[in-house]
Amino acid sequence: MEIFKVVVFICFVVYVKGQEDQAENNTTLEHTTTTCCSTILDVKNNSVNTTELDTKGDTIITRTPEITEKNASSPEEQPTTTEIIVTTKTVSSTEKETVPPTSNWTMCSSNPCKNGATCLENSTIPGAFSCSCKLGYLGVTCAIKDECFVHENGDFCHRGKCTYSDDRRLRSCRCFSKMYWDDEGKECKEAQPPCFPNPCLNSGTCIAQNSTFECQCETGYEGEYCAIRNTCGKEDHCENGKCVTDTNQAIKYCKCDDNFYWNEDTEECETVAWPCKPNPCKHSGICLSTSSGDWNCSCSGTYSGATCEEVNFCLGDKEEDGCNNGICIKIGDTKLCQCDPDYYLDETTHTCKEIHKPCLPNPCANDGLCIALPNSTYNCTCSKGFSGKDCENLDLCILDGGNAFCGEAACVNDLDEHSYHCNCSSGQYFDYAERKCKDLDLCPLMECGSTEICENSLCGCKKHFLWNNETHACEPNFCASKPCSSDEMVCKEGDGEADYHCECKEGHVFNGSHCNNAFCVFPTLNTCNQVCESTKDGYICGCADSNFQLKEDNSTCEYIGNITCVNKTCSKGSCIVKEDQEVCICPPGHTEIMGKCVDLCTANMLPKSFCPDDRCEPVDKGFRCKCEGKYVLSEDKVTCTVRKMCHKSEKGWSTCAKRNAACIEDITAPEGYHCQCLEGYAEADQGICQDICSFDENQRECSVLGATCEVKAGGEKACKCPPYFQRSKNGTTCNRLADVSYLLTLPLDATTYRKQNLLVPRRKRALEEASVISYRQIQIDIQESIGKLFSEFHQANILNCILNSEFILCKVELQFMEASEIELNRFKVSEICQSDGSNANCLLPPSLVLRKDQIKKLVTIQKTNPCDKDIKEDLCGSETSCWNQERKNSFSCTCKTGFTARNKIYPVEDSETFIEICKDVDECIENPCPAHAQCTNTIGSYLCSCSPGYRVNKDSNQESCVEICNPNPCVHGHCTENGDHGFECRCDAGYSGAMCNLQDENFKDARLNTIIVGAVLGGILLLTIILFVASVARLRKKKFVDDSGNMLYNAAEMTERRPADAGAINNAYQRE
């Protein structure tokens, strides 16, 4: 009851005060009523007063912790207990509601406009405002400094794009690829190597010297690029100290001797004079000495503490720690204000400001403009480049200059991947290096026939092939191009690719350069029996003498004379008598020898240039050429034609394959072919084709530059910096760590990058799959395609590839001249990889084939760690341990245990980046092995082995060598030596196992049974003996006399019966 009285009294005071204010400020009251009724003050306060006063017609401003279910009518009227709500409560009022004024606060009262901008209230929308920015600033509150606005006449960033900084406080011009910002002209200019852009730092002057340059440094700077600031003065003189260089901080400074300190003001080493020399006060604090010899610090700005070590945001306009409308708390070395209820901490001024819900503090992110609405709601007017309810979404097409970069292509923002991409029309892709759309060729995704070639996303017949509508295939059409070397030759198509051949016309023979008419040389090629005369396309027959006449068949000569030969038969020819001499008229291809017609081959009189090497062999109807090596018998079965030596079944193909070369048909060569090294390979010893980078001279040429040899597209040799390294700015040696380096994992299509016809094994690939993965093609495609995806891409290094059943997962190091996180996220944007929908693959234009279904799961990109296993193995070797110092941008490789450093190299101009060159430690020199053991050194370790006659004793806590059979290792058996270190155990009966430590359960059971049977038999035997003794005793008492008077005993016969095997020994479980 007492509490109720207090509440009524407070409410009455509020009522009286309200009536007084109403009389003075009716206009203000009406405005205040509208404002307060739609304002919720979201301030944490668990101790609030409530008003439950039934006052007719009055408006009461209450501070309500909660509203009970009874009087709650809408969600807006149900605040939690942690909210302070300014609201109105009307009790059966018929008059116009009025509210007493609470303040004259407006949105411009908090001065929301930054950087000297003017705040303008909106007369039509209550609570709304706008900012009038000064030149060079933009944004709804003018918080963004605009360096893209480079001239007062309105010129913006040409040949570049306007991008925003990460904190969205700066908009600047970022030049396109191969363009550089000229600070003097305030514009993007084309590069003019070697001096533009200026490689000399700190205002150094670049002097071109052909393709290289030299930097002339300003006073106080030195080094190849004027990067090192020299505070030591002329000739590095430091009085009372010495000049040292800190390469990490790029500075030379005086390191003072003991009892001296560096005075920043005089830039000299001065004598220590306590208490204020050197100055103990940090952050430019002033040291004040006291009469007692002590000191105090007078701190500047927002610093406090005994040595001005604390950042103090609690000072505000007070001299001591304190916060207007809050209390000062300390977090670490920073003091800041924790605001009272109804106030919030302004992050810009670090002061507590009054809360005015819903727009103060501003719920709109990224400098959005908050407009209060009825029922404590609001709308956000977002700054350019932002969207969403609270302006939380970023439009990178604006913020990162995507619209300007994409040019005529459409910029598409990707919220999920925090990136953007340039979208071209159908059938095109965007070349980010040249910033334009190009025609898309999906051929790398397509599978064409073996006689087809893909061009512009279509399969068509290869050169010298023609489409056949009936067979629906490309068939050989080589002969249409007349590939044969002379008119006497006939072209005949083959069945396979490039499988055509040229033959001489019928009756002609190839002599190596052209075809000779051979009708009249080879008997089987003509029908003449005497004279054969060659014509252009054949031959004609005639007779050798007037005593013969040609018959109607125009081939055979008939004898019309009357003299016959007596001595000569002339075999195949005809004999006539001339001048009393018998003469043989032989058919073509024959000659007379000793009265007989003998073929020219047998007579060794074959005309030149009709058979290869003028070699022939007789046959039934004459003779034919002997076709060997690069020649094969023609269809006429007489002459020779050129053999296809590079066919897979021929010698040329197999020979060249063994040499890692391609077989080239060459009739001028002795063997009819020659082996030609593939692109990127050269002939080495024994004619074997090797990677040109495997030659010592090429490796040495690159090694002196700190580079490795690589074969580029086109088969040319190039010296390429190893992973994580790049060339110096003058382009000579690889002595700089990469400016921007990332590790990328990519899922590549296994079918595309698996070697189909393996001729040349890759060098230095130990993995089994290395022989089937085309690393060179992957390198070429990645270099080309990534170069189209990033305008500032430099080079790619394939570190490792793992072959799976459907894809090849490759880890690649990418180096950029510049790359932002937004650009790198482009890898995960699915639209970047083009697909025709026919399979699971997609194309990263123009040539890289990826597994599209694996991109989201497997594509990762992260900053390069030089100690990554694949990079470290390449740079430092497996015998080292690697330590990465990311903050200092350096790393070091030191020798592992088992190795010692024989040298240390510094690959860059940094004393903290080094690689130890290791050699194996021979641990056996100090013989670390136990007694009776021999030490063998291994790479990085050693091996102890027992001497002959000794074995390893594994029973002891520490391995040692003991005699082989002493102590006896056989638990239940006898030890026998076997070789230098081995032994055998001969187990006792009932035991088995290598160490005779296993008892045989069958023997155990048999032994028990034997005992039981023995006991039973023993009992029976004992009983038998007892009965026998008793019987004998009884017989002694009974005597019988027969007819003869003899004494008779009982005639019962005692027979001992035993089993057949009684007394045998069971050897089943005995072991010798």
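Below are my entries, one topic at a time.

**Entry 1: what I am looking at**

I reminded myself that this is a predicted model. I kept that in mind with each value I wrote down.

**Entry 2**

I began with an open sheet of 4 strands, in the order β14-β15-β17-β16 and with mixed pairing. Which strands stand at the edges? I found β14 (221-222) and β16 there, each with a single partner strand, so one side of each is left without a neighbour in the sheet.

Next I looked up how β17 is joined to its partners. Strand β15 (residues 228-230) runs parallel to strand β17 (residues 251-256), and 2 bridges join them. In that pairing I noted arginine 229, which stands opposite isoleucine 251 in β17.

Strand β16 (residues 241-246) runs antiparallel to β17, with 6 bridges between them. I picked out two facing pairs here. Threonine 245 stands opposite lysine 252 in β17, and lysine 242 stands opposite lysine 255 in β17.

**Entry 3: a hairpin**

Glutamate 977 stands opposite phenylalanine 983 in β79.

How many residues lie between the strands of this hairpin? I read off 3 residues, and I noted that glycine 979 takes a positive phi near 80° in the hairpin of β78 and β79.

**Entry 4: salt bridges**

I searched the whole structure for salt bridges and got 34. I wrote up a few of them.

One joins the side chains of glutamate 823 and arginine 174, at 3.1 Å from N to O. This pair links distant parts of the chain, 649 residues apart: glutamate 823 is in helix α9 (residues 821-824), and arginine 174 is in strand β9 (residues 170-175). Are these two residues buried or exposed? Glutamate 823 is buried, because its relative accessible area is 6%. Arginine 174 also counts as buried, at 15% relative accessibility.

Another salt bridge brings lysine 438 together with glutamate 434, where the closest N and O atoms are 3.0 Å apart. Glutamate 434 has a relative accessible area of 42%, so I marked it as partly exposed. Both residues turned up again in a network of salt bridges that links Asp431, Glu434, Lys436, Lys438 and Lys788.

My last one was aspartate 614 with lysine 608, whose side chains meet in a salt bridge at 3.5 Å, N to O. Aspartate 614 is partly exposed, with a relative accessible area of 30%. Lysine 608 is exposed, with a relative accessible area of 64%.

**Entry 5: patches on the surface**

Which residues make the nonpolar surface patch I looked up? They are Ile1012, Val1013, Val1016, Leu1017 and Ile1020, and the patch covers about 460 Å². With a relative accessible area of 47%, isoleucine 1012 is partly exposed.

I also found a negative surface patch, formed by Glu239, Glu264, Asp265, Glu267 and Glu268. Where is aspartate 265 placed? I located aspartate 265 in the loop between β18 (260-263) and β19 (268-271). Aspartate 265 counts as exposed because its relative accessibility is 75%, and the cut-off for exposed is over 50%.

**Entry 6: two residues I checked one by one**

Proline 845 lies in the loop between β67 (841-844) and β68 (848-851). Its relative accessibility is 7%, so proline 845 counts as buried. I took a C-alpha to C-alpha distance from proline 845 to glutamate 784 and got 8.5 Å, with the two 61 residues apart in sequence.

Tyrosine 991 is found in strand β80 (residues 991-992). At 23% relative accessibility, tyrosine 991 counts as partly exposed. Glutamate 1001 is 10 residues away from tyrosine 991 in sequence, and their C-alpha atoms are 9.1 Å apart in space.

Terms used: Residues numbered from 1 in each chain as written. Predicted model: local features only at pLDDT ≥ 70, side-chain atom pairs only at ≥ 80, totals over all residues. Heavy atoms only, no water. Pairing = 2+ DSSP bridges. Patch = residues over 30% accessible without salt bridge, like charges linked within 9 Å, V, L, I, M, F, W, Y side chains within 5 Å. Areas by Shrake-Rupley, 256 points an atom, 1.4 Å probe, with all protein chains shown as cover. Salt bridge = Lys/Arg side-chain N within 4 Å of Asp/Glu carboxyl O. Buried < 20%, exposed > 50% of the residue type's maximum accessible area, 1.4 Å probe, protein only. Lys, Arg positive; Asp, Glu negative; His and termini not counted. Charge placed at Lys NZ, Arg CZ, Asp CG, Glu CD.
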